[in-house]
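Student: I have a structure open and would like to go through it with you, a few spots at a time. Could we start once it is on the screen?

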Amino acid sequence: DAVYDSISLAIENIEGSPKCSIFHIGDCTSKDAILTLFRQHIVRVKEEMRVQGMALPSKSAESPKVVAIIESITATPSVLLPWKDMVKICHNENIWTIVDAAHSLGQEVGINLTEVDPDFWMTNCSKWYYTQRGCAVLYVPFRNQDMMKNQLVPGVRYPMRGTAPTAFIHKFHWTGLVDPVAILSIEFAIAFRERLGGERKINDYCHSLAVAGGKLVARMLGTKVMDLAKDAELTANMTNIELPIPSSVLPSKELFFLFEDEMMGVHKIFVPPFYFRGRWWARVSAQIYNDMSDFERLGKALVETCQKISSL
């Protein structure tokens, strides 16, 4: 129920309108709690299939395909899901996995896709890894590469020196429309991150700042952070802070414009607000250039902005 909107829209536009079942992540108390709910959800899905007289997913090529679309770190709210374990659970249940890991590169350390072995995995390089925009990674294990179809302009097969790329690579290799600068920026992003101290140092700093800063802002607002897990294990480098706006105030474009005008126009600082399960929250990111003074400034801005919204 925390799926990114564009993912929902993509599912809705799949030819044939596949049946969908939404997994609710629960109250964000621990990774173990989420995994328990996930296993229970799979049991319910398979029971629904059995009741409807459908064959259950198996290793047989003729069996129905059940696909789990998993977000490694959800967007709003931002929750670091135990996606690696969720993929393993799906493998054991003969369920295909597509992992939307848009926020993972740069927020998670030591990702080993060979070990996790998702069926499909993709991430964004510009969100947290400091590359130029328009740069992403698509991981498809060899066993699934023949399934891939490029829905845009197919790759052009120019003569090439050395070993020719596989058919899978050719589908994306060169369309005549690609600007290679964004892709080339990966090398410079890696070098920059190494000069900062490496992945562990960057993420230790950003994670600690997100946790401590989130608690500071929550105290200033008289609210709480969403992650109730021990050691903030569901928080990467983004935290969710409850806003003191009445739940009766429903989302509207006018409200979002007011929030934006107050935060950016008056206070010169911004975080995205969102309405989730009857409450208002703000997602706050901690970056290498931030420190606690930024969170204190944010807290003061949110106090004034929320007071103005609540008084309407």
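Student: What is the relative accessible area of Glu-93?
Tutor: Glu-93 has a relative accessible area of 27% and is therefore partly exposed; the scale calls a residue buried under 20%, exposed over 50% and partly exposed in between, with a 1.4 Å probe and protein chains only. Keep in mind that this is a predicted model, in which local features need pLDDT of at least 70 and side-chain atom pairs count only at pLDDT 80 or more, while totals for chains, interfaces and linings use all residues. Residues are numbered from 1 along each chain as its sequence is written, and side-chain values use heavy atoms, with hydrogens and water left out.

Student: OK, and which side chain does Glu-93 meet in a salt bridge?
Tutor: Its partner is Lys-46, at 2.6 Å from N to O, where a salt bridge is a side-chain nitrogen of Lys or Arg within 4 Å of a carboxyl oxygen of Asp or Glu. Glu-93 sits in the loop between helix H3 (83–92) and strand E2 (96–100), and Lys-46 belongs to helix H2 (residues 31–51), so the pair ties together parts that are 47 residues apart in sequence. Helices (H or I, at least four residues) and strands (E, at least two) are DSSP runs, numbered from the N terminus. Lys-46, with a relative accessible area of 22%, is partly exposed.

Student: How many salt bridges turn up in the whole structure?
Tutor: The search finds seven. Among them, Glu-242 and Lys-224 meet at 2.8 Å, N to O. Since Glu-242 lies in strand E5 and Lys-224 in the loop between H7 and E5, this pair ties together parts 18 residues apart in sequence. Glu-242 is buried at 15% relative accessible area, whereas Lys-224 counts as partly exposed at 31%.

Student: And what does Glu-262 pair with?
Tutor: Glu-262 forms a salt bridge with Lys-308, again given as 2.8 Å from N to O. Glu-262 is in helix H8 (residues 253–266) and Lys-308 in helix H9, so parts that are 46 residues apart in sequence are tied together.

Student: Changing topic: how far apart are the end C-alpha atoms of H7?
Tutor: They are 32 Å apart, and this agrees with the 33 Å that the 23 residues of helix H7 (residues 199–221) should span at 1.5 Å a residue; the expected span is 1.5 Å times one less than the number of residues.

Student: Which residues of H7 are buried, and what covers them?
Tutor: The buried ones include Ile-202, Cys-206, Leu-209, Val-217 and Leu-221. Their cover includes helix H6 (181–196), strand E5 (238–242) and helix H9 (292–310). Just past the helix, Gly-222 takes a positive phi of about 75°.

Student: Where else is phi positive, in a residue other than glycine?
Tutor: Asp-117 has a phi near 60°, and Arg-277 has one near 55°. Asp-117 lies in the loop between helix H4 (113–116) and E3 and is also linked with Asp-119 and Arg-143 in a network of salt bridges. Arg-277 is found in the loop between strand E6 (273–276) and strand E7 (279–285), and is partly exposed with a relative accessible area of 43%.

Student: Which residues does a cis peptide bond join?
Tutor: Thr-76 and Pro-77 are joined that way, with omega about 5°, and Pro-77 has its place in the loop between strand E1 (67–71) and H3.

Student: Last one: how is the chain divided into domains?
Tutor: Domain 1 covers 2–144 + 188–194 and domain 2 covers 199–311, with bounds from an automatic or database domain assignment. Their centres, taken over C-alpha atoms, are separated by 26 Å. The contact (heavy atoms within 4.5 Å) takes 27 residues from domain 1 and 24 residues from domain 2. Gly-198, in the loop between H6 and H7, is buried with a relative accessible area of 16%.
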